[in-house]
Amino acid sequence: MKFVSLFAGIGGFDLGFERAGMECVAQVEIDEWCQRVLTKHWPDVHKFGDIKDVGIGRKYQLPSADLICGGFPCQDIAPGSSTRNGINGERSGLWHEYFRIVCEIKPKWVVVENSSNLVSSQNGDDFREILRSLSTVGYDAEWGVLSASAMGAYHQRKRAFVLAYDNQIYGQARMGHILSQEKIFENGRGKCEGAWAQTPRDFVGMDDGVSGRAYRCRVGGLGNAVVPQVAEFIGKLIMEIENERTKQKQPATA
């Protein structure tokens, strides 16, 4: 499973999906500090800056992929937003660039992350528009609000996730509930809890001599990032489905 990471940040999706057994083939991230973090940990992965520069007829071409993931900016959606213009806002409006790339690459899977407020933004109109857009190009979708604490973290950090899949490949409305609360409750802690064991609760801090800008960049990068353990959980659910499909397609042996 090869994936392209949009709005990659410091690589939360990327790390989690790699832990689940996937391969990152491209990262799109405009922030220079985040780019340096990505370069340190994924030196051999293709990297691009502005999402508006990539795609058909643009400055750069993205590689083909089985999956596209990303958390588009939440500034116009989150509860603290000063504009509350939703996916038509200056920042959160980059959802439309995300969707453009989905239409161009047509991956089997699309995973979208944002503030938990996404489901109610503009009285639910934004969320309905995202689901409608994905449906018009052949995707079924389900969604859920997952928290880091469900994976054993010390903090809650609720985020909305949309998991869409090509209904020509997987069959319309035949996938069941991938993000069901039962699966999250039964499997989340068991699969990912151990990863938090060595993580100190006060891992964000600033020593004397560290510039304020570096501290702000670090806190901003962490604040915007997808929690890797949550991404890993979703990635493993997808890989279970893919592995089962592979088994079903293999011819029976005598």
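## Two loop residues with positive phi

Lysine 106 lies in the loop between H3 and E5. In this predicted model, lysine 106 has a positive phi of about 50°, although it is not a glycine. Most residues other than glycine have a negative phi. Lysine 106 counts as partly exposed because its relative accessibility is 39%, and partly exposed covers the range between the 20% limit for buried and the 50% limit for exposed.

Arginine 157 also has a positive phi of about 50° and is not a glycine. Arginine 157 is found in the loop between strand E6 (139-147) and E7.

How many of the seven residues of E5 are buried? Seven of the seven are, so E5 is largely enclosed by the rest of the structure.

E5 pairs with E4 and with E7. E4 and E5 run parallel and are joined by four bridges. In this pairing, leucine 67 stands opposite tryptophan 109 in E5. With strand E7 (residues 158-166), E5 pairs in the antiparallel sense, over seven bridges. Here glutamate 113 stands opposite phenylalanine 161 in E7.

## Aromatic pairs

A pair of aromatic rings is described by the distance of the centres and the angle of the planes. The count for this model comes to 12 aromatic pairs. One of them is formed by phenylalanine 72 and tryptophan 95, whose ring centres are 5.7 Å apart.

Phenylalanine 72 counts as buried because its relative accessibility is 2%, and tryptophan 95 is buried with a relative accessible area of 0%.

Tryptophan 109 and tyrosine 170 form another tilted pair, with 4.9 Å from centre to centre and 55° between the planes. This pair, too, links distant parts of the chain: tryptophan 109 is in strand E5 (residues 109-115) and tyrosine 170 in helix H5 (residues 167-170), 61 residues apart. Tryptophan 109 is buried, at a relative accessible area of 0%. Tyrosine 170 counts as buried at 8% relative accessibility.

## An aromatic cluster

Which residues form one aromatic cluster? The members are Phe7, Phe72, Trp95, Tyr98 and Phe99.

Methods. Residues are numbered from 1 along each chain as its sequence is written. This is a predicted model: local features need pLDDT of at least 70, side-chain atom pairs count only at pLDDT 80 or more; totals for chains, interfaces and linings use all residues. Side-chain values use heavy atoms; hydrogens and water are left out. Rings of Phe, Tyr and Trp (its six-membered ring) pair if their centres lie within 6.5 Å; planes under 30 degrees apart count as stacked, over 60 as edge-to-face and the rest as tilted. Buried means under 20% relative accessible area, exposed over 50%, partly exposed in between (1.4 Å probe, protein chains only). Two strands pair if DSSP finds at least two bridges between them.
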